[in-house]
Amino acid sequence: METKLKALREQVEAAISSVQSKEELSAFWQQFLSKKGRIQDLMKVLGTVPKEERPAMGKLINEFKEQVSARYEEAAQKLEELELEALNRSEQVDITLPSRKRAPGALHPITITKNQMIDVFAGMGFKIFEGPEIEDDDHNFTRLNVAKNHPARDTQDTFYIAEDILLRTHTSPGQIRVMDSEKPPIKVLVPGRVFRSDSDATHSPMFHQMEGLVVDRKITLCDLQGMLDEFSRKIFGDSVKTRLRPSYFPFTEPSVEVDVSCFECGGAGCSLCKGTGWIEVLGGGIVHQKVLENCGIDPKEYSGLAFGIGIERIAMLKYGINNIGLLYENDLRFLKQFKD
Ligand code: PHE
């Protein structure tokens, strides 16, 4: 029995010192320590040993089993440590590597222009209101005093979604929505997208406008001129002058077109102002009495001014952009030229 034990001890040592993985460790356990293992086999042999020798033999075998178990535990712990070390090594981050650079984003020129415009009017006390891009005929046309047979209703210009539902062709329906929900004094800006079936170098089927509406007692064309003077100087430069030309809009009376003196040539005449010295920038006027009445505001007590500015037009003039399409292509070489 003792020689058997000795041989087995040598086998155990050889086996345990060659264990490299969890699988091998488990195979070791199967081979020596399990119920079908070699140590259990010794127990069976114990039955054939003379009775008097059995206790001493049993003790020897048990001690041996404990030693093998201890060797097994030791190996298991060592394996665990090795595994952890390998994991740590594989997850190590080299913090000395230079990071990947990401170019900072920037605002789109339309957003930059829109923000600048809002800043100017916010300084005069205007609040912002945003109406829906899908409008009904009533808000977009009828209550703005645009008669049923007016050319602006022509399907050529307007994208209809259903009989009386359309993509707003201007931000002016915002006037109606504001006057429906607020009583004078009113001072709002309505920025947003508008849609018209029109496309060339200076027109796009989708573009942006900013509407202005002021309703109070004794509002006159002078107030409009004063505000737009201030606006033009802040946007195009201090030396810029404005002039009003008579125009026509169904929802304003009188209506005006506002020109600024050419900031490129100072009024002498150049290609930007087409030799006239003036550049048209927006439309406006005194809110038509019928529009006030349509919103339940008494035109004998109150009057209003309104204007509509094309944001793309201002951006193109300011930055010297000659094709509106450039604003929608999202070509980074173009967009990177604009700084807030
Ligand atoms: N809504 C007009 C347009 O789109 C502009 C405008 C607004 C004119 C307000 C007068 C008053 O052309």
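Three strands make up an open sheet here, in the order β2-β4-β3 with antiparallel pairing; strands count as paired if DSSP finds at least two bridges between them. Helices (H or I, at least four residues) and strands (E, at least two) are DSSP runs, numbered from the N terminus. This is a predicted model, so to speak of local features takes pLDDT of at least 70 and side-chain atom pairs count only at pLDDT 80 or more, while totals for chains, interfaces and linings use all residues. Residues are numbered from 1 along each chain as its sequence is written, and side-chain values use heavy atoms, with hydrogens and water left out.

- β2 (134-136) and β3 (160-162) are the edge strands, each pairing on one side only.
- From one strand to the next the twist averages 35°, with axes taken as lines fitted to C-alpha atoms (for helices over the stretch in contact) and angles running from 0 to 180 degrees between N-to-C directions.
- β3 and β4 (residues 165-167) run antiparallel and are joined by two bridges.
- Ala162 sits opposite Ile165 in β4.

**Strand β6 and its partners**

- Nine of the 11 residues of β6 are buried, so the strand is largely enclosed by the rest of the structure; buried means under 20% relative accessible area, exposed over 50%, and partly exposed in between (1.4 Å probe, protein chains only).
- β5 (residues 186-195) runs antiparallel to β6, with 10 bridges joining them.
- Lys187 stands opposite Val214 in β6.
- β10 also runs antiparallel to β6, through eight bridges.
- Val215 has Gly304 in β10 as its bridge partner.

**Nonpolar cores**

- The largest nonpolar core has 41 residues, and Phe121, Phe231, Val281 and Phe307 have the most contacts inside it. Such a core is a set of buried Ala, Val, Leu, Ile, Met, Phe, Trp, Tyr and Cys residues joined through side-chain atoms within 4.5 Å.
- Elements that each supply at least two residues of this core include α5 (109-122), β6 (206-216), α8 (221-236) and β10 (303-310).
- Setting aside neighbours within four places in sequence, Phe231 is in contact (heavy atoms within 4.5 Å) with Met117, Val120, Phe121, Met124, Leu282, Ile309 and Ile314.
- There's a second, separate core of 20 residues, with Ala15, Ile39, Leu46 and Phe64 among them.

**Helix α3**

- Ile39, Leu42 and Leu46 are the buried residues of α3 (residues 38-46).
- These residues cover an arc of only 50° around the axis, which puts them on the same side of α3; the arc is that of the directions from the helix axis to the C-beta atoms.
- The buried residues of α3 pack against α1 (2-17), α2 (22-32) and α4 (54-90).

**Aromatic pairs**

- The structure holds nine aromatic pairs. Rings of Phe, Tyr and Trp (its six-membered ring) pair if their centres lie within 6.5 Å, and planes under 30 degrees apart count as stacked, over 60 as edge-to-face and the rest as tilted.
- Phe126 and Phe307 have ring centres 6.3 Å apart and planes at 65°, so they are an edge-to-face pair.
- Phe126 is in the loop between α5 and β1 (127-128) and Phe307 is in β10, so this pair ties together parts 181 residues apart in sequence.
- Phe126 and Phe307 are both buried.
- Phe334 and Phe338 have ring centres 5.1 Å apart and planes at 65°, so that pair is edge-to-face too; both residues are buried.
- Phe121, Phe126, Phe231 and Phe307 are linked into a cluster by ring pairs.
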